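This report describes one protein structure for a reader who has not seen it before. Please look at the sequence and the model first.

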Amino acid sequence: MTSTTRTVTLTHDSGDVDLTVDEQGEGHPFLLLHGGGGPQTVAGFAGLLAEQRPARVVTPVHPGFGGTARPDWLTGVPALAEIYVRLLDELGLTDVTVVGNSIGGWTAAEIALLRSDRVSSVVLVNAVGIHVPGHPVADPSTLTPAELSALAFHDPAKFAVDPSTFSEAQRAVAAANRATLQVYSGSNTMADPTLRERLAKVTHPVLVAWGESDQVVDTAYGLAWTAAVPGARFELLLRTGHMPQIETPDQLLPVVWDFAASHATNRPNG
């Protein structure tokens, strides 16, 4: 499966922004949004989806992540969501399923609130972004990589990362990713106090898919997401944590595909 990576320049009311966008596959369109770990956390799943289903997978890099530039005015998730709706306009895509993990899920929810007629369904995979009393989101800025891994994975040993093996360039990108995540998430530790109430206005079909072993945002937090979105469906993913697309992609893929297909304007086969 070949992929094409290019830069797309978009115009926003606040200024222009250059987006690095990867595209692969043909068929039902997906907009796949990564979390705070960066674009590599969804790259493998994008390839799997494009290979195993008739899917056109569009994977942008949030500006500021992966060594990309972020304009000074782009400082919040709602503005990021506006950029991605403009990307769908630029690409001329319709019947799009938006899939987001972690802060990408938060962004997907903000896209749903914009009510674009280019979007047919939304999948939130262990999304952050809402405030749930008694169920705080783990703050990655206060955790070592080992501590974060222990919270994020069902089987942390299998996915352990040793930062001491990073090159200087890799360290610089990782530091920039952390700083950019802090800018987007704001001062409320990975949550927008207004979002939970605003979700009552969502009209798109929404699936909340949740790794049962996630300790970054627990299952009760996922159920709160589901309760906040009218008509949302909840799917518990077994033996997986905060990033099912990495830990159990073969479990996540049919869940995402079946939901997308069931709400597509033109029902895809596969």
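The model is predicted: local features need pLDDT of at least 70, side-chain atom pairs count only at pLDDT 80 or more, and totals for chains, interfaces and linings use all residues. Residues are numbered from 1 along each chain as its sequence is written, and side-chain values use heavy atoms, with hydrogens and water left out.

Helices (H or I, at least four residues) and strands (E, at least two) are DSSP runs, numbered from the N terminus. In strand β6 (residues 119–125), seven of the seven residues are buried, that is, under 20% relative accessible area with a 1.4 Å probe and protein chains only. Two strands pair if DSSP finds at least two bridges between them. β6 pairs in the parallel sense with strand β5 (residues 96–101) over six bridges, and Thr97 stands opposite Ser121 of β6. Between β5 and β6 the chain passes through helix α3 (residues 103–113), and this β-α-β crossover is right-handed; the term applies if, with the strands pointing away from the viewer, the path from the first strand over the helix to the second runs clockwise. β6 also pairs with strand β7 (residues 206–211), in the parallel sense over four bridges. There, Leu124 stands opposite Val208 in β7.

The structure holds four aromatic pairs. Rings of Phe, Tyr and Trp (its six-membered ring) pair if their centres lie within 6.5 Å; planes under 30 degrees apart count as stacked, over 60 as edge-to-face and the rest as tilted. One of the pairs is Phe30 with Trp257, tilted because the ring planes stand at 35 degrees, with the centres 6.0 Å apart. Phe30 belongs to strand β3 (residues 28–33) and Trp257 to helix α9 (residues 249–262), so the pair ties together parts that are 227 residues apart in sequence. Phe30 is buried at 1% relative accessibility, and Trp257 is buried at 1% as well. Phe153 and Phe159 form a stacked pair, 4.8 Å centre to centre with 10 degrees between the planes. Phe153 is buried, at a relative accessible area of 9%.

On a 1 Å grid over the protein atoms alone, a cavity is a set of points where a 1.4 Å probe fits but cannot get out, and a pocket is an open set with protein on both sides within 12 Å along at least five of seven lines; lining residues have an atom within 4 Å of a point. Grid points are joined across faces, edges and corners, and a volume is the space filled by probe spheres set on the points. In the classes below, Ala, Val, Leu, Ile, Met, Phe, Trp, Tyr, Cys and Pro count as nonpolar, Asp, Glu, Lys and Arg as charged, and the others, Gly among them, as polar.

| Space | Volume | Lining residues by class |
|---|---|---|
| Largest pocket | About 1200 Å³ | 25 nonpolar, 15 polar, three charged |
| Largest cavity | About 50 Å³ | seven nonpolar, three polar, no charged |
| Second largest cavity | About 40 Å³ | eight nonpolar, no polar, no charged |

The residues that line the largest cavity include Leu32, Phe45 and Val99. β5 gives the most to this lining, with three residues. Among the residues lining the second largest cavity are Ala109, Leu124 and Val206.

Definitions and conventions:
Buried means under 20% relative accessible area, exposed over 50%, partly exposed in between (1.4 Å probe, protein chains only).
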